[in-house]
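Reader: I'm new to this one. Can you put it up and take me through it?
Author: Here it is.
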Amino acid sequence: MTPGNRRVSVAQSVVDAEGAPTPVPVPAKRPAWSRFFSVLRTGLGIALVVGVSVGAAWALRRHVMTSPRFSVREFRVVGNEMRPTPGLVAESGLAIGANIFAADLDAARSKILADPWVSEASLMRRLRKAAALVALGDTYLASADGEPFKKIELNDPVDLPVVTGLRPESLAEDRVETTRTIRRAIDLALEFEHGELAKRVALQEVHVASDGVFTLVVGHAALQLVLGGPPFRRKLDQAARVVAELDRRGAAAGAIMLDNEARPERVVVRIR
């Protein structure tokens, strides 16, 4: 066989540095059944991912559409000078307890516009945002406006300021004043978080005594900052300076009293 018609497999040899051919092993061809199972495994992996994603989405939708957490709890109507709120709500076809996402706002709007006293209407969903945990016998979630709107349940947020000291019956006796007190406690917690002292110690609790005295419990050692009543900014700044001085001296306090309204510059420290 002449060099011109000799068949050479390039894949089977390379040329080394001296020009001599060096054999290179040729990978064995994979059987058809092996390639089939490889493709099958890949397909099953993709199917599993798609199946898990679809299942998770279905479970999430079912939770949102059936959970009591997303039920309608109240209606707020503004601009209704000639028509009372209960009447407009009844005309809309919406109801307390219905799922907020299942509510057909377009249909409700059309029904309201059929009222001759209504010239224009705009409906929107408003989800509550929890701003605090409030101890009222049971523990409730409260919105930023101080309104306790539900008892805490599994999977509800818990990384929130805790408000204590209120009597369980206070809501029934005077809901307006109790809501105002809770809102003040939430505002105090936010004021603390934006101050210098929050860089040293974490807020644990906002306690409201029956006489209206506000006390913050901060840090792992449960240091009490007895603030009295508002305004709180000056008292919080004063507490930050006292804590810094105690740290410098290596002292630990159990309570810092900043509630002397007659002599606001006077601070009493109880050392542990």
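Author: A term to begin with: buried means under 20% relative accessible area, exposed over 50%, and partly exposed in between (1.4 Å probe, protein chains only). By that cut-off, Phe214 and Phe232 are both buried.

Reader: Before we go on, what kind of model is this?
Author: This is a predicted model, in which local features need pLDDT of at least 70 and side-chain atom pairs count only at pLDDT 80 or more, while totals for chains, interfaces and linings use all residues. Residues are numbered from 1 along each chain as its sequence is written, and side-chain values use heavy atoms, with hydrogens and water left out.

Reader: OK. How many helices and strands does the protein chain have?
Author: The protein chain has six helices and 11 strands. Helices (H or I, at least four residues) and strands (E, at least two) are DSSP runs, numbered from the N terminus.

Reader: And what percentage of its residues count as buried?
Author: 29% of the 272 residues.

Reader: Back to Phe214 and Phe232. Why is the pair edge-to-face?
Author: Their ring centres are 5.5 Å apart and the planes are at 65°, so the pair counts as edge-to-face. Rings of Phe, Tyr and Trp (its six-membered ring) pair if their centres lie within 6.5 Å; planes under 30 degrees apart are stacked, over 60 edge-to-face, and the rest tilted. A search of the whole structure finds one aromatic pair.

Reader: Where do the two sit in the chain?
Author: Phe214 is in strand S8 (residues 214-218), and Phe232 is in the loop between strand S9 (223-228) and helix H6 (233-249), 18 residues apart.

Reader: Then H6. Which of its residues are buried?
Author: Lys235, Leu236, Gln238, Ala239, Ala240, Val242, Val243 and Leu246. Their cover includes helix H5 (175-193), S8, S9, strand S10 (253-257) and strand S11 (268-271). After H6 comes Gly250, with a positive phi near 75°.

Reader: What is Gln238 in contact with?
Author: Neighbours within four places in sequence aside, Gln238 is in contact with Leu258, Pro264, Glu265 and Val267. Contact means heavy atoms within 4.5 Å. Gln238 has a relative accessible area of 10%.

Reader: New topic: what is the accessible surface of the protein chain?
Author: About 18400 Å², and 58% of that belongs to carbon and sulfur atoms. Accessible areas come from the Shrake-Rupley method with a 1.4 Å probe; for residues, only the protein chains shown count as cover.
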